[in-house]
Amino acid sequence: DTAESVEAIQAREAAEKEAARAQAAAEREATRKQQKEAVLTSASELNILAALVQCEAGGESYEGQLAVASVVMNRVRSGAYPNTIHAVIYASGQFTPAMTGKVARAYEGNVPESCLQAAQAAINGETTIGDATHFRRAGKHEGYVIGDHVFW
């Protein structure tokens, strides 16, 4: 029989903890980036989603824009929310730019191509936030942080 030194035990335990942490992080990342079922939509729903993305995340990276669009699509796919993009966006008290008319103005204007691409990708089932159905400015809430937003 051979004995392990205290240092060797501590090093082994530290390596095991690090491996477990890395495994958990990889599993979270795999869950966050997944493909969901595509949803059939009209051109006007694509454009209204892209307008919301512009209002909420127009200055964010494409990943952040896709995340905002994914929140809407996760709600559409969920039984807890309305089942159309328009109804989700205009649900009472949900998206401030929809309530203030900012989304309608963006819809009538020129929506950036990146916002349209993010909206289409989310409709097609791409997501960077797993099943998250909420977001807000990054701060005190736990979740996936992308740019200036946290998603949960």
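Analyst: Of the 152 residues, 37% count as buried. Keep in mind that this is a predicted model.

First, the overall layout. The secondary structure comes to seven helices and five strands, and along the sequence they follow the pattern α-β-α-α-α-α-α-α-β-β-β-β. The radius of gyration is 20 Å, well over the 15 Å that the globule rule gives for 152 residues, so the protein is more spread out than a compact globule. The C-alpha trace spans about 75 × 30 × 30 Å along its principal axes. If you take contacts between residues at least 6 apart in sequence, 66% of them join residues at least 24 apart.

In soluble globular proteins, nonpolar side chains tend to be buried together. Here the largest nonpolar core has 36 residues, and those with the most contacts inside it are Leu49, Val72, Ile85, Ile89, Phe95 and Phe151. Two or more residues each come from α2, α3 (62–77), α4 (85–89), α6 (102–108) and α7 (113–123), with α2 giving the most, nine residues.

Setting aside neighbours within four places in sequence, Leu49 is in contact with Ala69, Val72, Met73, Ile85, Ile89, Ala119 and Ile123.

Two of those partners lead on to Thr41, which touches Ile85 and Ile123, not counting residues up to four places away in sequence. Thr41 is in the loop between β1 (34–35) and α2 (43–57). The C-alpha atoms of Thr41 and Asn124 are separated by 9.8 Å, though the two residues are 83 apart along the chain.

Phe95, from the core list, also turns up at the largest pocket. That pocket has a volume of about 200 Å³ and a lining of 13 residues, with Glu56, Gln94, Phe95, Phe135 and Arg136 nearest its centre. Both α5 (96–100) and β3 (135–137) supply at least two lining residues, and the largest share, three residues, comes from β3. By type, the lining divides into four nonpolar, five polar and four charged residues.

Terms used: Residues are numbered from 1 along each chain as its sequence is written. This is a predicted model: local features need pLDDT of at least 70, side-chain atom pairs count only at pLDDT 80 or more; totals for chains, interfaces and linings use all residues. Side-chain values use heavy atoms; hydrogens and water are left out. Helices (H or I, at least four residues) and strands (E, at least two) are DSSP runs, numbered from the N terminus. Contact means heavy atoms within 4.5 Å. On a 1 Å grid over the protein atoms alone, a cavity is a set of points where a 1.4 Å probe fits but cannot get out, and a pocket is an open set with protein on both sides within 12 Å along at least five of seven lines; lining residues have an atom within 4 Å of a point. Grid points are joined across faces, edges and corners, and a volume is the space filled by probe spheres set on the points. Ala, Val, Leu, Ile, Met, Phe, Trp, Tyr, Cys and Pro count as nonpolar, Asp, Glu, Lys and Arg as charged, and the others, Gly among them, as polar. A nonpolar core is a set of buried Ala, Val, Leu, Ile, Met, Phe, Trp, Tyr and Cys residues joined through side-chain atoms within 4.5 Å. Buried means under 20% relative accessible area, exposed over 50%, partly exposed in between (1.4 Å probe, protein chains only). The radius of gyration is taken over C-alpha atoms; the globule rule is 2.2 Å times the number of residues to the power 0.38.
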